[in-house]
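Subject: Structure handover

Hello,

Here is the structure for your files. My notes on it follow below.

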Amino acid sequence: MEATSSGFRKELVSKLLHLHFKDDKTKVGGDALLLMAELLKIFVLEAAIRSIRQAQAEDLAGVDVEQLEKVLPQLLLDF
């Protein structure tokens with residue numbers, strides 16, 4: 001299991017990409033995998049930060065799935 005610098009395994013990133021390809025024979029280069037892994041890292045970090053801010057706005061001590069569900073639509077629009 002080889003991980004990228006972002007912490008995501010290359011196999012996972014490749015699988016996520018291939019789930020959305022119409023042609024099963026499509027190949028993804030190593031640089032594309034690294035770029036996608038970096039984008040995933042940014043997306044996850046942004047989701048975590050926004051969820052924390054949402055929990056703080058609600059005067060909660062911790063973050064729950066509910067806070068993530070509240071910020072997810074905004075996050076998807078921004079990306």
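**Met36 and its surroundings**

Apart from residues up to four places away in sequence, Met36 is in contact with Val13 and Leu17. The model is a predicted one, and the contacts and distances in this message are to be taken as properties of that model. Met36 sits in helix α2. Its relative accessibility is 26%, so Met36 counts as partly exposed, the cut-off for buried being under 20%.

**Packing of α1 and α2**

The axes of α1 and α2 are 10 Å apart, and the two helices pack at an angle of about 90 degrees. α1 is therefore roughly perpendicular to α2, as angles from 65 to 115 degrees are classed that way. On the α1 side, the contact is made by Lys10, Val13, Ser14, Leu16 and Leu17. On the α2 side, the residues are Leu33, Leu34, Met36, Ala37 and Leu40. Sorted by class, this contact has 8 nonpolar residues, 1 polar and 1 charged.

**The nonpolar core**

Which residues make up the largest nonpolar core? There are 5 in all: Val13, Leu17, Leu33, Ala37 and Leu40. Two elements give two or more residues to this core, namely α1 (10-18) and α2 (30-57). The largest share comes from α2, with 3 residues.

Is Ser51, at 4% relative accessibility, buried or exposed? At that value Ser51 counts as buried, because the class takes in residues under 20%. Ser51 is placed in helix α2. With neighbours within four places in sequence left aside, the contacts of Ser51 are Val63, Gln67, Leu68 and Val71.

Ala48 is also a residue of helix α2. With a relative accessible area of 38%, Ala48 is partly exposed. The C-alpha atoms of Ala48 and Glu58 are separated by 15 Å, and the two residues are 10 apart along the chain.

Asp59 lies in the loop between α2 and α3. Its phi is near 55 degrees, which is a positive value in a residue other than glycine. Asp59 has 71% relative accessibility and so counts as exposed, the cut-off for that class being over 50%.

Glu66 belongs to helix α3. At 48% relative accessibility, Glu66 counts as partly exposed. Between the C-alpha atoms of Glu66 and Phe21 there are 31 Å, for residues 45 apart along the chain.

**Confidence**

How high is the mean pLDDT of the chain? The mean is 91, and 92% of the residues reach 70 or more. In the chain, confidence is highest in α2, at 95, and lowest in helix α3 (residues 65-78), at a mean of 92. Where pLDDT is low, predicted coordinates should not be read in detail.

Regards

Key. Residues are numbered from 1 along each chain as its sequence is written. This is a predicted model: local features need pLDDT of at least 70, side-chain atom pairs count only at pLDDT 80 or more; totals for chains, interfaces and linings use all residues. Side-chain values use heavy atoms; hydrogens and water are left out. A nonpolar core is a set of buried Ala, Val, Leu, Ile, Met, Phe, Trp, Tyr and Cys residues joined through side-chain atoms within 4.5 Å. Buried means under 20% relative accessible area, exposed over 50%, partly exposed in between (1.4 Å probe, protein chains only). Helices (H or I, at least four residues) and strands (E, at least two) are DSSP runs, numbered from the N terminus. pLDDT is the predictor's confidence in each residue, from 0 to 100. Axes are lines fitted to C-alpha atoms, for helices over the stretch in contact, and angles run from 0 to 180 degrees between N-to-C directions. Angles under 35 degrees count as roughly parallel, over 145 as roughly antiparallel, 65 to 115 as roughly perpendicular and the rest as oblique. Contact means heavy atoms within 4.5 Å. Ala, Val, Leu, Ile, Met, Phe, Trp, Tyr, Cys and Pro count as nonpolar, Asp, Glu, Lys and Arg as charged, and the others, Gly among them, as polar.
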